[in-house]
Amino acid sequence: MTEIKRGVLVKSLGASLLALALVACGNGTPPVTLPPLGVSALNGSYVFTASGTSSSDGDYSVIGSFVTDGKGNITSGVADYNFGSGVDDNVPLTGTYTVSTGTATVTLTDGGSVNDTFTTTLVNSGTGQVRGFDGTGTGTLYPQVTSGFTAPGTYSFSLAGEGDGVISGSGEFTAAATGPFTAGNLTFTDAQTAQSYATIAGYLGTPETGGRGFANIEGNNLAYYVVGPNNIQMMGLDERILLNVPAQKQ
Amino acid sequence: MKLSMNWTRATVVLAMMAGTAAYLALAPAKHMKKVYGSDHREAPTVDGLPEGDITDLYSFVDPADSTKVDLIMNVNPFAEAAEGGSYAFSPDFLYQFKIDNTGDAREDQVIQIKFDQAGQGQTASFYIGTPTVTGARNTLLPGTPAATVKFNAAPATGANGMQVFVGLRDDPFVFDFAQFTRILNGSQDLFRAVGSSFRGRPVRSDGTSGVDTFAGFNVTSIAVSVPKTLLQGTASTKINVWATVSQPVPPRHGQTTYVQFERQGQQAFSTIFIPSGAPRDAENFEIPEHDVANYSNLIPDALTTTDNDGTGNTIAGRAALLTAEGLTALPNGAPLLLPSSFGNTSKDLLRIGLLPDVQRLDLSLPAGTLSIGQFGLQNGRPLDYSTIDVPLQLLRQLSDVHFPSGVTGGGPLGSRVALGCLQFPQCEDRRVLVVLQGTQFIKPDATITNYLDGNDYPFLSAFPYIATPHPLPGAANTIDCPTQQ
């Protein structure tokens, strides 16, 4: 989708919502709330994912979380970067953001003063598309709710990324209260090579600050971030393999 | 409990210790014997990265030039003289001295050292200035280096009269670490045997009983002497000093960032107070700003002039107990460092003295002024200072210990944070036994109270002061590697 078409769509959507709000008021049902237009529109905890190719850094994947104050500041955050040739994990973040005509521009600053910028269109559901991360990277911005999440349980997950070639797959695991998997399976393809595991080993640790935790699936280390009580996003922390692994608690 | 490191509070509380130990302030630092206190191979990550394993940090006013302050960082623990040509610094790592001159435990000035290649053909570049970023993730200061020097070359002079040295040196750390380990694991009870009740080393004919585990070994040293004015703040003559080693993470946007994996402030803090394994890694990854919040609960309460358990568990009571057990006189123990009338009223005294884990150095005090307890364990850390015996003696007189009922300190535990020793003499927390005698008896008994440590090699009389490396075993004037007992 081009930016022009997206802009038209956003405008059309805005007009539709406005019309819907007017109609709703007219028939006595609760009004539809439009996203606020200022920095207060981005207020709370968020998880973000992105991947792409940077002109200076090459292919990368990133996952993280941050907290905004509703005043244009990112007060805290943490992220994990995988560049395929190396990993920079547990990176503390601060930053700033602006909101203009429903689009937030977010600048993340790591502890070494390196900046990453991305934009996202604010929508009522709170889950938006990340655009232009580190240049051209794309991903997703999720509102984060860590309360109610506990690590033990059964999860279904999918795999996507780069290894020897394009990786895709899916599976399931059951994490015990102490973390280790008690059951699970995995099927994936990497560069035309398909593999299937009837059982898998691994663990899912307890999340720490920012809803960030560690996981391991069949020897692959991952950082995970709690998105909601039944939803986590994972990313591979092993060099040479870029893995994005969203998982849903059953 | 919320503690904060600020000069006013630390000075007020610890000045009492300084006052009572003032007679130590004139110890002859110029004789530069040896120091102990260290973190040799103390955590999993640095165990695998010896070129980044800080064994010790020293900071002191230059004995030959009172306008300068000297900082020394050692890595490569237990370097064998016979393999002396194989030790160097890593060209991948960023070595840093960090200096806080405002009292907030955040670096205001840094001295960064980078090496251009692996092996002893390497050249070190020294950068000094205000850091671009602070904390555990750092970047190299911009601009040209303030000084450069080749490995094992004579000290070089750079900008502002800065002197620098890098190379192989004798390990100046003195510690009976083998016996320390035996006491902790229960195979021995004390550094020196007492009758048949306490297992320990026997007294030798020369009046010693301890063995310096680090004698005969070398380290690689980074030493720098800089004008005080480059490090001192505008509001105070006191600085906090710590050393770090960092390694690069993948560059982003063309910028290389270094992430800290090792640090050291006061001697042996991690070895004594942080549980081994992953917690020590975590402490090495952390920054002093967070120490009070992270580690206060690992440090016992200090005894005060107030009886905290109804058994006479005061500083005076502890002194009386140690004396009654014969542990305050040679040959079974060392004389008390603090008088029994020592007037501490804060149970947080040890926490304030130990946290944040930095060396506190008052640049206005003459070289050789130890000021034990005034700012931390000592004023900076001179090379020749007894950096194990003094902490042992402070801890044995000040640490709250939960002894068996009927003994001073044997009352209800309640909310006390105390070391456990309910089955005395087989204390469940063996650190009680480690500190019981107050010294490790490496040097002759007649010199126990001079608070110099007795290194196996003489210190130099000029910069870089740290002793020359041990030559090949068997060479003239060598002592070889001593038999470890």
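Ala319(B) touches Leu336(B), Ser340(B) and Gln397(B), leaving aside residues up to four places away in sequence; two residues are in contact if their C-beta atoms, placed from the backbone, lie within 7 Å. This is a predicted model, in which local features need pLDDT of at least 70, side-chain atom pairs count only at pLDDT 80 or more, and totals for chains, interfaces and linings use all residues. Residues are numbered from 1 along each chain as its sequence is written, while chains are lettered from A and ligands numbered from 1 in the order in which they are written.

Ala319(B) belongs to helix 7 (residues 315-324) of chain B. Helices (H or I, at least four residues) and strands (E, at least two) are DSSP runs, numbered from the N terminus. With 21 other C-beta atoms within 10 Å, Ala319(B) is buried. A residue is termed buried if 20 or more other C-beta atoms lie within 10 Å of its own, exposed if 12 or fewer, and partly exposed in between, with C-beta atoms placed from the backbone. A distance of 19 Å separates the C-alpha atoms of Ala319(B) and Asp348(B), which are 29 residues apart along the chain.

Chain B as a whole contains ten helices and 15 strands. Of its 485 residues, 55% count as buried. Among the contacts in chain B between residues at least 6 apart in sequence, 69% join residues at least 24 apart.

Strand 4 (residues 109-115) of chain B is mostly covered, with six of its seven residues buried. Strand 4 of chain B runs antiparallel to strand 3 (residues 94-100) of chain B, and five bridges join the two; strands pair if DSSP finds at least two bridges between them. Within this pairing, Gln96(B) stands opposite Gln112(B) of strand 4. Strand 4 of chain B is also joined by six bridges to strand 5 (residues 123-129) of chain B, again in an antiparallel arrangement. Here Ile113(B) has Phe126(B) in strand 5 as its bridge partner.

Most residues other than glycine have a negative phi, and most peptide bonds are trans. Asn152(B), a residue other than glycine, has a positive phi near 70 degrees. Asn152(B) lies in the loop between strand 7 (147-150) and strand 8 (156-157) of chain B and is partly exposed, with 18 other C-beta atoms within 10 Å. Phi is also positive at Ala268(B), near 60 degrees. Ala268(B) is located in the loop between strand 12 (258-264) and helix 4 (269-273) of chain B, and counts as buried with 24 C-beta neighbours inside 10 Å.

Cis peptide bonds occur in chain B as well. One joins Leu355(B) and Pro356(B), with omega about -5 degrees; Pro356(B) lies in the loop between helix 8 (349-354) and strand 13 (359-362) of chain B. Another cis bond leads from Phe463(B) to Pro464(B), with omega near 15 degrees, and Pro464(B) is found in the segment after helix 10 (431-436) of chain B.

The contact between the chains involves 14 residues from chain B and eleven residues from chain A. On the side of chain B that touches chain A, four residues are nonpolar, eight polar and two charged. In this division, Ala, Val, Leu, Ile, Met, Phe, Trp, Tyr, Cys and Pro count as nonpolar, Asp, Glu, Lys and Arg as charged, and the others, Gly among them, as polar.
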